[in-house]
Amino acid sequence: MSNGIVLNHHSLPFESKVDADRGLLVFFNVLKACRKSGLKILLIDEDQDKSLMGIELADGYFVRDWYASSNKSIGLVDHCRFLKSLETRQPLFETVDLVHAVDNFEVGLSGEHSGKSILLAAFYFDTFLASFTALTIWTDPHINVWVLELGAIPETRNETVLNLSDGVSLEFHGLTLIQRRNALLDSAKEIWLQRMELFPHLQLLPNQIGAILQNWSARQDILLNARDALNVLEKFGEKWKEGEYSGYRHQYLNDLGLAADVSEESERVNNNRRKRRERTFWLEDGRQIYCENHVKLPSGYRMHFYPDVEQKRIYVAYLGPHLSI
């Protein structure tokens, strides 16, 4: 199961409220990175609270207590908004069935004699643990474990489980997270269906690019190049919204990893009424936008988009063969 992470409740508690406050913000960064990669939160133990608010960070100190004392703090407003956005997503958590795995495997920490269900789930589904930084043993990018597999020879072997807990582990597993995200976007229809989750800072126009993606018939390499361009546009849109950029420039996309060329239209196109009309699209609010900015894809394909300076939002309108010039 590549689209889930296992919530590691064994990585708590923190020793104090101060440590918990600091550690929770680090954990939020882990959850943000996972959400960008399309990874859901998996609950293994049925008695776990189904809300982040109910997690006990330190003795008698819960996430809801942190929120109650932080939601009026200017410096923490973005973190509070993020927490609320997680709480209002349905469902926030996804429970998993480990019956088959339990019958065949047991997975435990090196040096311990009994297994843990969270380790079993992370190993069995080949996915990440999402750990707090309260206990040193849960802060490494890889957790050393032993695996007992019934019927195997030998029955016990040493393995590692992927773990996300802080900035170091996020950087360490950065390529894997990108690969997991891209695996969810391996078809045009999936790109369209996953747009709200994986491209929250973009708006793909339904009557234009939406129709194209749902009826895609061009080559796969063109689609994958378009997907990579959308990923970069999303990355730029997020940074733009957060104030890292004051406006739009093609160079910003290149700086963020766009391998394809991107440019605006020539004066010959801009001054031609018919050609401008081809690149003009209607928004749902009744506005018209002229999408002269475009990413150059293989075989003459183009992806046209419009950066809205006022809203700091990217509208993606067209993906297809080169429009007339």
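Modeller: Let's start with helix 1: at 1.5 Å a residue, its 20 residues should span 28 Å, and the end C-alpha atoms are 29 Å apart, so the two agree. The expected span is 1.5 Å times one less than the number of residues. Helices (H or I, at least four residues) and strands (E, at least two) are DSSP runs numbered from the N terminus. This is a predicted model, where local features need pLDDT of at least 70 and side-chain atom pairs count only at pLDDT 80 or more, while totals for chains, interfaces and linings use all residues. Residues are numbered from 1 along each chain as its sequence is written, and side-chain values use heavy atoms, leaving out hydrogens and water.

Colleague: Which residues of helix 1 are buried?

Modeller: An α-helix has 3.6 residues a turn, so residues three or four places apart point the same way. Here the buried residues include A20, L24, F27, F28 and L31. Buried means under 20% relative accessible area, exposed over 50%, and partly exposed in between, with a 1.4 Å probe and protein chains only. Just after the helix, G38 has a positive phi of about 80 degrees.

Colleague: What kind of aromatic pair do F27 and F132 form?

Modeller: Rings of Phe, Tyr and Trp (its six-membered ring) pair if their centres lie within 6.5 Å; planes under 30 degrees apart are stacked, over 60 edge-to-face, and the rest tilted. The whole structure has 14 such pairs. F27 and F132 are stacked, at 3.9 Å centre to centre with 20 degrees between the planes. They sit 105 residues apart, F27 in helix 1 and F132 in the loop between strand 7 and strand 8. Both are buried.

Colleague: How do I read the largest pocket, and how many residues line it?

Modeller: Rolling a probe the size of a water molecule over the atoms shows where empty space is left. On a 1 Å grid over the protein atoms alone, a pocket is an open set of points where a 1.4 Å probe fits, with protein on both sides within 12 Å along at least five of seven lines; lining residues have an atom within 4 Å of a point. Here 41 residues line the largest pocket, with K32, K36, E234, K235 and E238 nearest its centre. Helix 11 gives the largest share of the lining, ten residues.

Colleague: In what order do the strands of the open sheet lie?

Modeller: Two strands pair if DSSP finds at least two bridges between them. The five strands run 10-16-15-14-11, with mixed pairing. Strand 14 and strand 15 are antiparallel, joined by four bridges.
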